[in-house]
Amino acid sequence: MTSNSAASTVSLTPFPFETKRNAVTDDYEVRNEVLGIGINGKVLTCFHRQRLHKCALKIIPDSAKARREVILHKKASVYPNIVRILDIYENKHSNQQSLLIVMECMEGGELFNRMKRIDHKSSFTERQAAGIMHSICKAVSQLHSMNVAHRDLKPENLLFTSNEEEAELKLTDFGFAKECSDSIKNLTTPCYTPYYVAPEVLSKQSYDKTCDIWSLGVIMYMLLCGYPPFYSKHSLPISPGMKTKIRAGEYEFPEEDWCMVSDEAKNLIQAMLTVESEKRPNIETILKSSWLSEFTTHVPKTPLNTLHVLMEELEQWDDVEAAICETNKYNRMPSDEEINISTNDNTISQRRQKRQNNNNKE
């Protein structure tokens, strides 16, 4: 990482805030440890040379799209439920003009990975799920108040500040984020991750930030049972049959996993997974629901099957995530054919069928 100043590029919009032009290694010791891979770049470990605290360094090639990601993330990072950006460098990396973004290090890791580490002698309750959803919805509320759609809400982009029990949950990765309008549907690019995509995005219609509300519904469903409401029955991250079910809003609450979940939680999911985007509640209405606004006292501490199911589902979840990551490279696609990135098998579909067969035997 050299200390060359960024070359002036008239086609790129200047940042509306201060950035640095010196080498990031002047201020931070950069390690080769990879913390994660985002949509637009990898994330490395680094340490501030004076303050010595651990940070995360994201490196992305400089472009108009990359600048949009950084600008929106930086503006949003003043809010408590968004991962904070600490420094931004305009410089060269591997002989390519790049943006080097230093962020707070989220030591607690991804949402579902943290849940996998919960002591299995303990139970994961509906109240705990509500607390997690409250944090996620607060982050989305902060974005929507700025008229920004995140467009890639998923567990992998939800990180905990530490491994402590009281750690904060924060939203990251603004690679698909875009400013939008309250009055018109001005989003048109089909940016999404399979499992979490709203029907209007799949249908290539113009859409707005209500696409995030659908994704919240999918995440809430997964928190309460351990698997997504929509999944492929073939070796594809997203199959034609899965698309059809998403467009129709066709999903179930299987009795064996949902009999212990409150009707209020199911009703909230159903509201968020409304096919007609105009009929979905906005984020403020969702936050005002008693299931979220009074979760510390109102939501029951009923044990859920989520952890048990997650461990079953996630035995081969790395394969599914890898396929989703590959799909993300193509999901600004002009045609459906480019999304056909296959996996070795469809773990979720097979395990859902196995669980159903076992329950039928009982």
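Guide: Asn32 lies in strand β1 (residues 28–37), where a strand is a DSSP run of state E with at least two residues, and a helix is a DSSP run of H or I with at least four, both numbered from the N terminus. This is a predicted model, in which local features need a pLDDT of at least 70 and side-chain atom pairs count only at pLDDT 80 or more, while totals for chains, interfaces and linings use all residues. Residues are numbered from 1 along each chain as its sequence is written, and side-chain values use heavy atoms, with hydrogens and water left out.

With a relative accessibility of 75%, Asn32 counts as exposed; here exposed means over 50% relative accessible area, buried means under 20%, and partly exposed is what falls in between, for a 1.4 Å probe and protein chains only. Asn32 and Thr45 are 13 residues apart along the chain, and their C-alpha atoms are separated by 6.9 Å.

Lys58, in strand β3 (residues 54–61), stands in contrast, since its relative accessibility of 5% makes it count as buried. The side chain of Lys58 is joined to that of Glu69 by a polar contact of 2.7 Å. Such a contact is a pair of N or O atoms within 3.5 Å; within protein, one atom must be able to donate a hydrogen and the other to accept it, and residues adjacent in sequence count only if both atoms are side-chain atoms. An unreviewed UniProt entry annotates Lys58 as "binding site"; UniProt positions are given in the numbering used here, feature names are shortened, and annotations may be inferred rather than shown by experiment.

How do the strands join up? Strands of a sheet pair through backbone hydrogen bonds, either parallel or antiparallel, and two strands are said to pair if DSSP finds at least two bridges between them. β3 and β5 run antiparallel and are joined by seven bridges, while β4 (residues 85–93) and β5 (residues 96–104) also pair in the antiparallel sense, over eight bridges. Val102 in β5 is the bridge partner of Leu57, and Val102 is the bridge partner of Asp87 as well. His93, in turn, has Gln96 in β5 as its bridge partner. β4 and β5 form a hairpin with two residues between them, and Ser94 in the turn has a positive phi of about 55°.

Seven of the nine residues of β4 are buried, so β4 is largely enclosed by the rest of the structure, and β5 is mostly covered, with eight of its nine residues buried.

Elsewhere, three strands form an open sheet with antiparallel pairing, in the order β6-β8-β9. Its edge strands are β6 (109–110) and β9 (169–171), each of which pairs on one side only. Between β8 (residues 158–160) and β9 there are three bridges in the antiparallel sense, and Leu158 stands opposite Leu171 in β9.

Now for the spaces. On a 1 Å grid over the protein atoms alone, a pocket is an open set of points with protein on both sides within 12 Å along at least five of seven lines, a cavity is a set of points where a 1.4 Å probe fits but cannot get out, and lining residues have an atom within 4 Å of a point. Grid points are joined across faces, edges and corners, and a volume is the space filled by probe spheres set on the points.

The second largest pocket holds about 630 Å³ of space. Of the 19 residues that line this pocket, Arg114, Gln128, Ile132, Phe160 and Glu165 lie nearest its centre. Helix α4 supplies the largest share of the lining, five residues. By class, the lining of this pocket has eight nonpolar, four polar and seven charged residues, where Ala, Val, Leu, Ile, Met, Phe, Trp, Tyr, Cys and Pro count as nonpolar, Asp, Glu, Lys and Arg as charged, and the others, Gly among them, as polar.

There are also four cavities of 30 Å³ or more, and the second largest cavity has a volume of about 80 Å³. This cavity is lined by 13 residues, of which Arg151, Tyr192, Tyr196, Val197 and Ser215 are the closest to its centre.
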